[in-house]
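This briefing walks through one protein chain, from its overall build to a few individual residues. Please keep the sequence and the 3D view open while reading, and look up each element as it is named.

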Amino acid sequence: MGDVTARIAEIVGERNLLSGDSVPDDYAKDESLTVGAVKPAHVVKPATAEEVAAVLAVATENGLPVTARGSGSGLSGAARPREDGLLVSFERMNAIVEVDTANQVAVVQPGVTLSELDEATKEAGLAYTVYPGELSASVGGNVGTNAGGMRAVKYGVARHNIVGLQAVLPTGEIIRTGGKTSKISSGYDLTQLIIGSEGTLALVTEVIVKLYPRLPHAATLLAPFGDLDQVMRAVPEIIASGLTPNILEYIDNLTMAAITYNEKLELGVPEEVRNATQAYLVVGLENRDNDRLDGDVERAGELLGELGASDVYVLDGGSARKLIEAREKAFWTAKAAGADDVIDVVVPRSEMPGFLAKVRELATAAEAGAIGCGHAGDGNVHLGIFCKDAEKRHRLLHDIFAAGMAAGGAISGEHGIGQAKKDHFLALEDPAKVALLRRIKQAFDPKGILNPDVLFD
C-alpha cells in the first residue's frame, strides 16, 4: 500500500490525502441509524475530474475499494467506506460553474450544497427544486440516491431535474451524458442509469440541473383529520382537482406533537381539535398571481372540508415556514425520540390507506411502534420504527417492505438501498432484475471496486 499511497498523494497533493489515525471520525459513516461506523484506510480530496480519474485508475489497478462521499447526510449507509478502502470526498469540488438563465439550468460540481445552489440561483429568480429535507446535502448526493423531498409532488425527484452529468468510470475514463438540451433520443440514457446508482457505477464530477422560476406568492394550509384513512383517501382527490400543490404532506398526530414541541411551534389548532385528530394534511400552494393564489386557497379549503377535514387553517408566513422546516427535520425528531430505524417505503397513492393499515397490523403483532409522516402526494411513507430487539425488527422491516412491494411499490422512494436495506432488497426483488443489475454493474465496474458493499453482496 505504500506505493499506492504515494501515487495517490502525487495526484492530489499530500495535504489532500488522509491516512490511518489522521482520518476524522466523521468520514466513517453517514446518518443511517443501523449501519455502524467504519474508518477507511484513506480519505482523498480531489479538486478536478482529472484527479478523480487518475485516482480511480490507481484504485482499479490495485483492487482498492472506493466509496464516494458528499455531505454524509444519507440515510442508507451508502457512504460508509471499507476499512481497507479509499473514501473519495468531494468537499473541494464545490464550484458553481454556471447559472445559465437562457436554458434554465445550472452546472455545478458534486460538492455544492443545496443551500449554496439556492443562494446562487436566487438572484436570477430561479431555483433547483429538489429539497430532500437537509439543505447541507450535496448535489452529488442528490444524484447518488435519486433524492426527492416535499416538493417532488409538483416538480419530481432528482432524476426529473438532472439533465446531464460528467462522470468518471472506474477505469479512469471521463464521460459526459445528457446536456443542456431538454430532450435526447440517442442511445441508452446513461444519465438516468447513473442517477440513483449510489456510487456503484461511476463517480459524478459535474451535474447539470434543471431550474424553475421562483413563484412570488405562496400559502400553506393545515387540515386535521379524525381518521388517518380519510387523509390518505383525500390525497388522490386533491391531486385530481387541478390545484397542483407544491407540497402535500401527511403527518400523524404523534409526529406532529413531537415536532411542534421540539420546535416550540404554535399553529393555532385548539386542544380539543388536536385531541380528536389522528393525522394532518399539509397543503402548499404557490402562484405568480396573488389573486389566483387566493382562489386556489379558497377552493382547497372547501375541498378539504368535503373530504373530511375537521377544520382548515391557513398558516401565516412565519408559522408555515417553521412547520415546513420542522417537517424537514422529522428524521432528527425520530432519532431524538429513540427510533431504531427510519424507512421510506413508496407505494401508489391509491394504495396508501391499505398499506398503512397493514403497517399498523404488523407493528402491533411485533409489539413495536411505526409512526411518522410522508410525502403523501407521491406515496412516499416515512416511518420511524421503534423496536429494540434486532431480530424482531429485521422481521418487521422485511414484512413492511414486502407489503409495500405487494402493493405495487418499492423498498425505498428516495433514501436508497445502501448497506442498510441490501438484505431485504436482494431477498424481495425479482431475481431476474437483480441478475440484470449485476451485469450492468459488471459492465461499468469489472473489478468491482466502487461501493462493493452497496446493493449487492
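In the predicted model shown here, strand E12 (residues 217-225) and strand E14 pair in the antiparallel sense, and nine bridges link them. The points below begin with the chain as a whole, return to E14, and then turn to other parts of the model.

**The chain as a whole**

- The secondary structure of the chain comes to 17 helices and 18 strands, and its C-alpha atoms fill a box of roughly 70 × 55 × 40 Å when this is taken along the principal axes.
- A compact globule of 457 residues would have a radius of gyration near 23 Å, and because the chain has 22 Å, its value agrees with that expectation.
- Of the 457 residues in the chain, 52% are buried.

- Strand E14 covers residues 279-287, and because nine of its nine residues are buried, the strand is largely enclosed by the rest of the structure.
- Both faces of E14 are covered, with Ala279, Leu281, Val283, Leu285 and Asn287 buried on one side, and Tyr280, Val282, Gly284 and Glu286 buried on the other.
- In the pairing with E12, which is antiparallel and has nine bridges, Phe225 stands opposite Ala279 of E14.
- E14 is also joined to strand E13 (residues 247-252), by six bridges and again with the two strands running antiparallel; here Tyr250 has Leu281 of E14 as its bridge partner.

- Strands of a sheet pair through backbone hydrogen bonds, and they may do so in a parallel or an antiparallel way.
- Four strands form an open sheet in the order E1-E2-E4-E3, with mixed pairing, and its edge strands are E1 (17-19) and E3 (66-69), each of which pairs on one side only.
- If direction is ignored, neighbouring strands of this sheet are turned by 20° against each other on average.
- Strand E2 (residues 42-44) and strand E4 (residues 86-89) run parallel and are joined by three bridges, and Val43 stands opposite Leu87 in E4.
- Helix H1 lies across E1, E2 and E4, and runs at about 150° to E1.
- The axes of H1 (residues 2-12) and helix H2 (residues 49-62) come within 9 Å and cross at roughly 170°; angles over 145 degrees count as roughly antiparallel, and H1 and H2 are therefore roughly antiparallel to each other.
- The contact between these helices is made by Val4, Arg7, Ile8, Ile11 and Val12 of H1, together with Glu51, Ala54, Val55, Val58, Glu61 and Asn62 of H2; sorted by class, it has seven nonpolar, one polar and three charged residues.

**The hairpin of E5 and E6**

- Strand E5 (residues 96-100) and strand E6 (residues 105-108) run antiparallel and are joined by four bridges, with Glu98 standing opposite Val107 in E6.
- These two strands form a hairpin with four residues between them, and Gln104 in the turn has a positive phi of about 50°.

- Lys45 is found in the loop between E2 and H2, and because its relative accessibility is 14%, Lys45 counts as buried.
- Leaving out residues up to four places away in sequence, Lys45 touches Val12, Asn16, Leu18, Tyr27, Ser89, Glu91 and Arg92.
- Arg327 has its place in helix H12 (residues 317-328), and at 7% relative accessibility Arg327 counts as buried.
- Apart from neighbours within four places in sequence, the contacts of Arg327 are Met150, Glu249, Ile251, Ile259, Cys373, Gly374, His375 and His382.
- Leu211 has its place in the loop between strand E10 (203-210) and strand E11 (212-213), and Leu211 is buried, with a relative accessible area of 1%.
- Not counting residues up to four places away in sequence, Leu211 touches several residues, among them Val99, Gln104, Val105, Thr121 and Tyr128.

Definitions and conventions:
Residues numbered from 1 in each chain as written. Predicted model: local features only at pLDDT ≥ 70, side-chain atom pairs only at ≥ 80, totals over all residues. Heavy atoms only, no water. Axes fitted to C-alpha atoms, helices over the stretch in contact; angles between N-to-C directions. Parallel < 35°, antiparallel > 145°, perpendicular 65-115°, else oblique. Contact = heavy atoms within 4.5 Å. Nonpolar A, V, L, I, M, F, W, Y, C, P; charged D, E, K, R; others polar. Pairing = 2+ DSSP bridges. Rg over C-alpha atoms; globule rule 2.2 N^0.38 Å. Buried < 20%, exposed > 50% of the residue type's maximum accessible area, 1.4 Å probe, protein only.
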